[in-house]
Amino acid sequence: MEGLVSSRITPNCAHYRRQHSPSVPAFLLQLTDKFCRSKVWLMKHPKPFNSVVASVQPLEASTLGHFENTLPSKEVLELWSNADAVCFDVDSTVCVDEGIDELAEFCGAGNAVAEWTARAMGGSVPFEDALAARLSLFKPSLFQVKDFLEKRPPRISPGIDELVKKLKANNANVYLISGGFRQMINPVASILGIPPENIFANQLLFKSSGEFLGFDANEPTSRSGGKATAVQQIRKTYGYKSLVMIGDGATDLEARTPGGAGLFICYGGVQLRGAVAAKADWLVLNFKDLINSLN
């Protein structure tokens, strides 16, 4: 997810096909004690989800001509092949959409949120302020979120399911790190077989009536620098020797920090953000490149 940093962005056109996925188990909001005392509504979703696999049209070769990191170095390949943990961004990486924009559009406020996001593109607004401002434009209710999840199945990027399986076969632990919402990411994690405890994302909060209340500001991903903080916590907690971050935006690039990710792979298969891609250790447009490198 990346909406607050000004950079050159090249969108890729995508087509979709529906694909059945395993049933998503019931899940509920994990809330802070503060909101539990306020009787915040618990959300369950026992119905099965259908995933949608996107077929993304590749960029023209000339678009990549000025990037020098499309072919990984020996050192990068070694770090990637020996990674014991891999963290993925979700919006425009694991999935082809930006979650908050999709939810806003579904709730009838797509243009308003898009316009506000455009004004915030300069990067001068802290992430937590930008998140609160956009949510305040449409204030999604519990019913609207549940309706959205039922009618808008996750649209996952081509090859991501195979890549996750390959990483697991190599004994690497997989995490989802997102500035998006846990309610919308839980189904994606279930499709990919990623346990809930390996999700670091924001949490929408609702009153007992189902009315929108806000978001959990205690989540590290709810504020600027949150992804880097989450990755550092993961590495410190589990003692991973080699951790890789994969994403499309500047907040993903920030996770490559001492004590955090030792390698940043930019995935430009949905949105190619020039300023981010240029600073990546490896730029890929297709997850097949990552899969093949593990063979």
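This is a predicted model: local features need pLDDT of at least 70, side-chain atom pairs count only at pLDDT 80 or more; totals for chains, interfaces and linings use all residues.

Colleague: Which residues of α7 are buried?

Modeller: In helix α7, residues 160–169, they are Ile160, Leu163, Val164 and Leu167. Buried means under 20% relative accessible area.

Colleague: How do you know that the buried residues of α7 line one face of the helix?

Modeller: Look down the axis of α7. The buried residues fall within an arc of 100°, so they line one face.

Colleague: What covers the buried residues of α7?

Modeller: The cover includes the helices α2 (74–81), α8 (182–192) and α12 (287–293). It also includes the strands β4 (85–88), β5 (155–156) and β6 (173–181).

Colleague: Where does asparagine 171 lie?

Modeller: Asparagine 171 is in the loop between α7 and β6. Its phi is positive, near 65°, and the residue is not a glycine.

Colleague: Why is asparagine 171 called exposed?

Modeller: Its relative accessible area is 66%. Exposed means over 50%. Therefore asparagine 171 counts as exposed.

Colleague: What is the phi of lysine 139?

Modeller: Lysine 139 has a positive phi of about 40°, although it is not a glycine. Lysine 139 sits in the loop between α5 (127–136) and α6 (142–151).

Colleague: What makes lysine 139 count as exposed?

Modeller: Lysine 139 has 52% relative accessibility. The cut-off is over 50%, so lysine 139 counts as exposed.

Note on methods:
Residues are numbered from 1 along each chain as its sequence is written. Side-chain values use heavy atoms; hydrogens and water are left out. Buried means under 20% relative accessible area, exposed over 50%, partly exposed in between (1.4 Å probe, protein chains only). Helices (H or I, at least four residues) and strands (E, at least two) are DSSP runs, numbered from the N terminus. The arc is that of the directions from the helix axis to the C-beta atoms. Contact means heavy atoms within 4.5 Å.
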